[in-house]
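Hi everyone, thanks for coming. Let me put today's structure on the screen, and then we can walk through it together.

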Amino acid sequence: MAHSHHHDHHHHHDGHENIKRAFWINLVFTIIEIVGGFYTNSLAILSDAVHDLGDSLSLGMAWYFEKYAAKQRDHKYSYGYRRYSLLSATINSFVICLSSVFLLTQAIPRLFNPEESNAQGMVIIAVVGIIANGYALLGLKKDSSFNAKTVYFHLLEDVLGWVAVLIGALIMWWKDWPIIDPILSIAIALYIFWNVFKNLRKAIRIFLQGIPKSISIEAMENDIKALSFVHDIHDFHC
């Protein structure tokens, strides 16, 4: 839910405070969702809670590892501590995957014998989710840094997830179609998987020291060879 509002500050401290604040807001909201999901017997809300738990975890780890990642290189890590943030992203991905698998094991049987969910309760929680994320979105609208853009799209996804839950809950309130809840839940879980998969792919590529996608080795080699004083290149790493 509410993520850090980054204005690319020159001093490190503000970013740190933002991450910390976003982490606490997020964590509290996730706990409300988990309680609300059980109270309304809604797997869709629990799936959204897993999505937000992922955000909380990554913010919490970002806050914790921020201290590490910012450290300069020393005798233990000659490349500095940048990869700590990757490590946290990877741990996070696994936690979220396991939670989603668990939710799928709950949701799939419910397709065949749906249980009643408390539609009114779901509507209330979804509205709170939309307001909270919408509030965070408005805060970012003015900010144009790259970081803010990434967070902005992420929040937009969160809002859309809540809109889906709200629409589902409203339909269940009017019509007696309890199957909508597990369907939504499965859709959200699959969506989480897709995101985790994309992130893991990036993380693994960096772990294995692959070349960033945006860079072409041939082009770089040719540029370097084009310099008049360069004779040849050996053992080229990027």
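**Starting from the core**

The largest nonpolar core here holds 30 residues, and the ones with the most contacts inside it are I45, M122, W162, V165, I192 and V196. By nonpolar core I mean a set of buried Ala, Val, Leu, Ile, Met, Phe, Trp, Tyr and Cys residues joined through side-chain atoms within 4.5 Å. Buried is under 20% relative accessible area, exposed is over 50%, and partly exposed is in between, with a 1.4 Å probe and protein chains only.

Which elements give two or more residues to this core? They are α2 (43-69), α3 (83-112), α4 (119-141), α5 (146-174) and α6. Helix α6 supplies the largest share, eight residues. There is also a second, separate core of five residues, and L137, Y152, L155 and V159 are among them.

A quick word on where this comes from: it is a predicted model, where local features need pLDDT of at least 70, side-chain atom pairs count only at pLDDT 80 or more, and totals for chains, interfaces and linings use all residues. Residues are numbered from 1 along each chain as its sequence is written, and side-chain values use heavy atoms, with hydrogens and water left out.

Now the overall layout. The chain has seven helices and zero strands; helices (H or I, at least four residues) and strands (E, at least two) are DSSP runs, numbered from the N terminus. Of the 238 residues in the chain, 41% are buried.

Let's visit a few residues, counting a contact when heavy atoms are within 4.5 Å. Leaving aside residues up to four places away in sequence, V165 touches A44, I45, D48, M122, A126, L184 and I188. S185 sits in helix α6, which spans residues 180-207. Is S185 buried or exposed? Its relative accessibility is 1%, so S185 counts as buried.

Over in helix α1 we find G37, and G37 is buried because its relative accessibility is 1%. G37 touches S42, I45 and L46, again not counting residues up to four places away in sequence.

Next, the aromatic rings. Rings of Phe, Tyr and Trp (its six-membered ring) pair if their centres lie within 6.5 Å; planes under 30 degrees apart count as stacked, over 60 as edge-to-face and the rest as tilted. By this rule there are two aromatic pairs. For F29 and W162, the ring centres are 6.1 Å apart and the planes are at 75 degrees, so this pair is edge-to-face. F29 belongs to helix α1 and W162 to helix α5, so the pair ties together parts that are 133 residues apart in sequence. Both F29 and W162 are buried.

Finally, confidence. The predictor's confidence in each residue is pLDDT, from 0 to 100. The chain averages 77, and 77% of the residues score at least 70. Over residues 6-11 the pLDDT is below 50, and this stretch has eleven contacts in the model beyond near neighbours in sequence. Where pLDDT is low, the predicted coordinates should not be read in detail.
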